Amino acid sequence: MIIFDNVTKVYDDNKTVALENLSFTVEKGEFVFLVGHSGAGKSSIIRMLLCEERPTSGKVIVNGFDIGTLSQKQIPELRRSLGVVFQDFRLLPNRTVYDNVAFAMHVVGAPTKQIRRRVPEVLSLVDLAHKARAYPSQLSGGEQQRVSMARALANNPSILIADEPTGNLDLKRSDEIMAILDRINQKGTTVVMATHAEKIVNSMQKRVITLDMGALVRDEEKGGYEVGI
Amino acid sequence: MAFRGLKYYCSEAFKNIWYNKLMAITSIITVMSCLLIFGFFLVVQLNLNDITKQLEGQCEIQAFMPQEYNDEQAKQVCDKISVLPNVKSAILETRQQAYDNYKDTLGTAANVMENINPEEFLPASCKIRPNDISQLNELEAQVSAIEGVEEVINRRDTVNGVISVNSIIRNGCIIFAVLLALIAVFIISNTIKLDVHARQREIHIMKYVGATDWFIRWPFIIEGIIVGFLGAVVAILITLLISSLLLNALDSFGNIFQFRSSSDTMPLVSVVLLLFGVVIGALGSLVAVRKHLQV
């Protein structure tokens, strides 16, 4: 599903080594936390999963796509097999909750009938069916993040990538988001989540990949948040 | 592009225009201004083409005979002229006809001619139309050489003048059209660039959820086409209004030349302006979106 094989990433501009000889595999249906200090390499991994960045050396395979050799035209195909949730939600402010979710389905050319059926379905999954006609500005941070999750799930992705999804939320809202992510994972979707939230990582008891200065320092099956000082 | 896709792109394009009304109006006015100047030149060009043709058709030389030549003598000279090569027609104008024609031009003042003897007023002449206007000099020389021809006059200078003005305006029109198109594409692309820039976030989200570059481009291109189309429609209406007013004003000066009516020129001008508007609108959008798709 996701393979990082001896991956090194050096940014050309300042010769910064973001990832160094990194290797790990994520199987279908797993829930994996990526933890580490700022600059440890979490964002580089996320960007590589989305093919925003390519490895300097080594191999990255995501859903069968080789990120190193993927052509520009194939990138949309890769991204359609993924769902992405960002810390800042990235919703379209001038569209309703329904339209924000439907938008992701329009992009992949889904038929209108399917969109009308699927959007209420995913909104129910994140407990927001009653807010379909609201605009993002009328929602709390937690609700906005749930809309962003519904959008990520609209096209039934096999992998859900979450980049600090609870970073802007209080503990209660964060717990709600984690409960939904867990529910999604239970249904078979692989979840890869980059986070700084120690309490969440410790309470979930999922696989934890710890990074430090671009290198993998710990990979535990039911780990906790330990990034060192 | 499937129909479902087209429907979505169109609805997105209309929404974008609605959300960015001010920018859309700016673009429409830009396109309209460029097309208006172009449309005006086009109307002038079409009329000049017609005037040139009319003048070419009217291009004739007139061979005058001595005043004392009677109808019979004049006819003999005219017959000689009619068999020359490059003569399309040679029509005799007798002294009486010349007198009558002149009298007609005086209208209500014709009574001043009452005491003038037609045989002493204007000489008989032969009006000659050539087959080939470019051989007019040679024909003029041949006619002058015929016995009984006293003087030959032609309207070649006028025709040449109109032909050269016509070609200057035609060339100017082409250069102008290219310049206006470039200016319009530049301004539209900049206006749409502001729109694209304002919607950078939306484009990023689209890319993250797997939108292809063409999926992102189409609404902008359709937006450009709509802007170009609306600009062209306004330009057509104003061109129609101005050309109608101008032609009415020119008609009141008399019928020296037959100008094209608006209903005659406008179908062609409308099609050209609409095509021009739509193409520059689409091109402007394409240029604007090009740089913003790298995510």
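In this predicted model, the link between B:Cys78 and B:Cys126 is right-handed, with 70° about the S-S bond. The two partners come from distant parts of the chain. B:Cys78 sits in helix α3 of chain B, residues 71–82. B:Cys126 sits in strand β3 of chain B, residues 125–130. They are 48 residues apart. The S to S distance of this disulfide is 2.2 Å. Over all chains, the count comes to one disulfide.

A:Cys51 counts as buried at 5% relative accessibility. B:Cys34 is buried at 8%.

Now look at where the chains meet. The contact takes 24 residues from chain A and 17 residues from chain B. The size of an interface is often given as the accessible area lost when the parts come together. Here chain B and chain A bury about 1900 Å² between them. Of that area, 55% is on carbon and sulfur atoms.

What holds charged partners across this contact? Side chains of opposite charge can pair when their charged atoms come close. Between chain B and chain A the count is two salt bridges. One of them joins B:Glu202 to A:Arg95, with the closest N and O atoms 3.0 Å apart.

Which elements of chain B give two or more residues to the side that touches chain A? They are α1 (3–19) and α8 (200–208). The largest share comes from α8(B), with six residues. By class, this side of chain B has nine nonpolar, three polar and five charged residues.

Helix α1 of chain B also holds B:Asn16. B:Asn16 has a relative accessible area of 3%, so it is buried. Leaving out residues up to four places away in sequence, B:Asn16 touches B:Arg199, B:Pro219 and B:Glu223.

Turn to chain A and find helix α3, residues 97–107. Why is this helix called largely enclosed by the rest of the structure? Because eight of its eleven residues are buried. The buried residues of α3(A) are A:Val97, A:Asn100, A:Val101, A:Ala102, A:Phe103, A:Ala104, A:Met105 and A:Val107. Just after α3(A) comes A:Gly109, which takes a positive phi of about 75°.

Strand β7 of chain A covers residues 159–163 and includes A:Ala162. At 0% relative accessibility, A:Ala162 counts as buried. What does A:Ala162 touch, not counting residues up to four places away in sequence? Its contacts are A:Ile46, A:Val85, A:Val192, A:Met193 and A:Ala194. A:Ala162 and A:Val62 are 100 residues apart along the chain, and their C-alpha atoms are separated by 15 Å.

A search of the whole structure finds 18 of them over all chains. Take A:Lys59 and A:Asp66: their closest N and O atoms are 3.1 Å apart. A:Lys59 is partly exposed, with a relative accessible area of 42%. A:Asp66 has 17%, so it is buried. The cut-off for buried is under 20%.

Another salt bridge joins A:Asp88 and A:Arg90, at 3.1 Å from N to O. A:Asp88 is partly exposed at 35% relative accessibility. A:Arg90 is partly exposed as well, at 21%.

A:Glu143 and A:Lys131 form a salt bridge too, at 3.4 Å from N to O. This pair links distant parts of the chain, twelve residues apart. A:Glu143 lies in helix α5 of chain A, residues 141–153. A:Lys131 lies in the loop between α4 (112–125) and α5 of chain A. A:Glu143 counts as buried at 15% relative accessibility, whereas A:Lys131 is partly exposed at 24%. Finally, salt bridges that share partners join A:Arg95, B:Glu12, B:Lys15 and B:Glu202 into one network.

Conventions. Residues numbered from 1 in each chain as written. Chains lettered and ligands numbered in written order. Predicted model: local features only at pLDDT ≥ 70, side-chain atom pairs only at ≥ 80, totals over all residues. Heavy atoms only, no water. Disulfide = S-S within 2.5 Å. Helix = DSSP H or I, 4+ residues; strand = E, 2+ residues; numbered from the N terminus. Buried < 20%, exposed > 50% of the residue type's maximum accessible area, 1.4 Å probe, protein only. Contact = heavy atoms within 4.5 Å. Buried area = accessible area lost by both parts, 1.4 Å probe. Salt bridge = Lys/Arg side-chain N within 4 Å of Asp/Glu carboxyl O. Nonpolar A, V, L, I, M, F, W, Y, C, P; charged D, E, K, R; others polar.
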